[in-house]
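Hi everyone, thanks for coming.

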Amino acid sequence: MAKIVIIDDDPDILDASSLVLHAKGYEVVTATNPEEGYKVVKDVNPDLIILDVMMNEPDDGFFLAQKFRKDKITIPILMLSSVSKTVGMSFGISELVPVDDFVEKPISPALLVEKVEYLLQLRKER
Amino acid sequence: MISLVPSWAVYYDEFWGAIGRRNSWFIKLRYGAVAMLFVFIVSSEFLLGIRFTSTQLLALTIITCMILVYNGILQSIRIYLKCDPNKFNPLHFSLVQMILDLTALMLLVYFTGGIETPLSMLFVFHMIIGSLILPGTVIYTIAVSVIVIFVGIVFGEYINLLPHHAVVGLLPTPLYQNFKFIMAYSTVIGFVMFMSVVLANKIANQLYRIEQELVESLEQLNASEIEKQKYVMSVVHEIKTPLAALHSYLDIILQGFLGPVNEKVLSKLQRIRARSAEAILLTNDVLKISKLRLLDEITKEEIEIRDIFRTVLLKQRANIEKKKVKVHIKDNRKERTKILGDSFLLEIAFSNLISNALKYTEDEGLVEITLDEKENGVQIEICDNGVGIPGKDLVNIFNDFYRASNIRSKGYEGTGMGLSVIKHVIEKHGGTVSVQSPSRLALTNRPGTSFIIFLPT
C-alpha cells in the first residue's frame, strides 16, 4: 500500500489526517516541523507528501516544497493551508509554489481521501 | 538653472498640480487682460473723455499685441512642461510669465503717464500673485527691481531725461514735475508692494506647510490602518487554526472512522459541526475583508462583464439546479464595452450577490441579471423574487456583520459579511452599489430584492 508523509505543526491535524488515511489502508508517517519532515521524506521515500504552509514561520511550508524540488524529489505534494484562496493568494498549480494541489483547511475526510487517491493515481501514470 | 522648488515640494504631486493649474489660470486671465486693453484703447475717448497721442496709441497697441503673442506662445509651451525640479519646469515657467507681465505693465505705465497713471496700482496685484508661487528671495528681488525701475522712470521724467507721455484729459494739472507728490507716491507704492510681498509670501508658505502636514498625517493614518488589518488577519488566523483541527475530528467521528456513535450524541455533534462551520465561514470572511483592505491598488485588466457572470453561474450551477431557480441574463447593451477591473475581486463580489439571490429565493423562484449601457460605464442589475429585505434594514445592509431581521428570524445561515465585501470591491473599482426591496419581480409574499451596480469603463 502507498506510503504518505504528513508534515504539519498541529498535532491534532496530524492525528486526524492519519486516522482517516490509516482507515483507508495507507501507511502514514508524520513530522511536526520542516527539518524533521525533510529527513523523514528522505528516509521513507513516500508516494505522497501532505504539507502545511505555516509551521514555525508563516511560509516555511513553501520553502520546504521548493527545497524538495531543488533536490530533485518529485514526489507529489498536497499542500494544506488555512489561508490560501480566501485571502486572494490564488496559486496556480506548480506556478509559484511547486506543489501538485493546494487545499484550504479544514479539509473533510472525503475530500482528503479523494485528493490523495487522485494524486497517487497521477504518480502511477507518470 | 536656479532651483525655485522648495525642498519639501520636490516629490509632492499636489504642489506641482497647484502650480500647473495656476499657470493655466494665468494664461486665461491674460487673454481677458488683452481684451480689456483693446476695449480701453478704443473706447477711452468716448467713455472717459481722455485722449491718447499717436505715439501713445501706437505704443499701447504694440504692447497689447505683444501680450497676445507671448500669451499664445506660453500656452503652446505649457503642455510640454515636465515637473522635473532640475530642468525647466512649471515654476520656471511661472517666473518667465511674471517677468514678461511686469515688463509689459511697466511699459503700459510709462506710456500712460508714469507717476500720473492709476495703472501702477496693478503692480501690487502682480506682486501678490508672484508671492504665492515663487520662493521668497526671488519675489523680493523682483519687487525691489520693480520699485527701482518705477522710481527710475518717474525721476527720469522729473529731470527730463525721459519724455513724459501724459494722458490728455485725465488730470487737471500735471504731477510728474511735482517733487513732493513723486516722493510721497513712490514711498507709498513701494511700501505697499513690499509689504504685500512679505505678507502674501509668509501666508502662502504657512499654507503649504499645513497642507504638507495634512498629507503626512493622512499617510500615517493609512499606515496604521494597514497595521490594524495585518493584526486582525494574524489574530483571525490564530483562531482559525484550532477551529480547523476541531472540525477535522468532528468529521472523523461523524463519518464513523471511530466506530458507531449513539443517535442522541450524533445529533448534538452535528449541531456542533454546523456551529463550528459557521465560525470558520466567519473567519474566512474576516480574512477576505482584511486582505481586501490591505490591497490598496487593485489590478486593472480589461474585462467583459458577461464573462465574469458566465464563470460565476458555472460555479453556482449545482446550487441553481438543486433549488430549481430560473436564472436569466438579459444583455441590453449594443456594444460589449469592456471595463477595467480586477476579475478575481469582481468574481468574489458577483458570486456573493448571486449566491445571496439563490439562497434567499424560494424553490422555483426567479433571478434576473440585466446588463445595461450607461454613460461611461455598465449598469448591472441582479433582481430576484425572494424573501426581500425589510425597509428598516435597507440602510444598514452594507455594514460589516449586519444581517437583515427577516433572515435572522427565519434561520438562514450566514455571517453578514457578504454585502460589505461586495460594496468594498465595487467602490475599489470606482463604482456604486445600491439596493431596492421590493424588486420589480415582486409577487405576493415574495417581495424580492434588486441590487443595482454601476461600474465605470
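Okay, let's begin with one residue. K300(B) has 11 C-beta neighbours inside 10 Å, so K300(B) counts as exposed. The rule goes like this: a residue is buried if 20 or more other C-beta atoms lie within 10 Å of its own, exposed if 12 or fewer, and partly exposed in between, with the C-beta atoms placed from the backbone.

A quick word on what you're looking at. This is a predicted model, where local features need pLDDT of at least 70 and side-chain atom pairs count only at pLDDT 80 or more, while totals for chains, interfaces and linings use all residues. Residues are numbered from 1 along each chain as its sequence is written, and chains are lettered from A and ligands numbered from 1 in the order in which they are written.

Back to K300(B). You'll find K300(B) in the loop between α7 and β1 (301–303) of chain B. Helices here are DSSP runs (H or I, at least four residues), and so are strands (E, at least two), numbered from the N terminus. Which residues does K300(B) touch, leaving aside its neighbours within four places in sequence? They are L340(B), G341(B) and D342(B), where contact is when C-beta atoms, placed from the backbone, lie within 7 Å.

Now helix α5(B), residues 136–158. α5(B) has 23 residues and reaches 33 Å from first C-alpha to last, close to the 33 Å expected at 1.5 Å a residue; the expected span is 1.5 Å times one less than the number of residues. Its buried residues include I139(B), V146(B) and F150(B). What do the buried residues of α5(B) pack against? The answer is α3 (90–111), α4 (122–133) and α6 (179–254) of chain B.

α4(B) and α5(B) pack at about 165°, with axes 10 Å apart. Axes are lines fitted to C-alpha atoms, for helices over the stretch in contact, and angles run from 0 to 180 degrees between N-to-C directions. The two helices are therefore roughly antiparallel, the label for angles over 145 degrees. On the α4(B) side you have F123(B), M127(B), G130(B) and S131(B), meeting I139(B), I142(B), A143(B) and V146(B) of α5(B). By class that's 6 nonpolar, 2 polar and no charged residues. Ala, Val, Leu, Ile, Met, Phe, Trp, Tyr, Cys and Pro count as nonpolar, Asp, Glu, Lys and Arg as charged, and the others, Gly among them, as polar.

Last stop, where the two chains meet. Chain B puts in 18 residues and chain A puts in 17. On the chain B side, the elements giving two or more residues are α6 and α7 (263–294). Which element gives the largest share of that side? It's α6(B), with 10 residues. The chain B side divides into 8 nonpolar, 6 polar and 4 charged residues.

That's me done, thanks!

Terms used:
Contact = placed C-beta atoms within 7 Å. Parallel < 35°, antiparallel > 145°, perpendicular 65-115°, else oblique.
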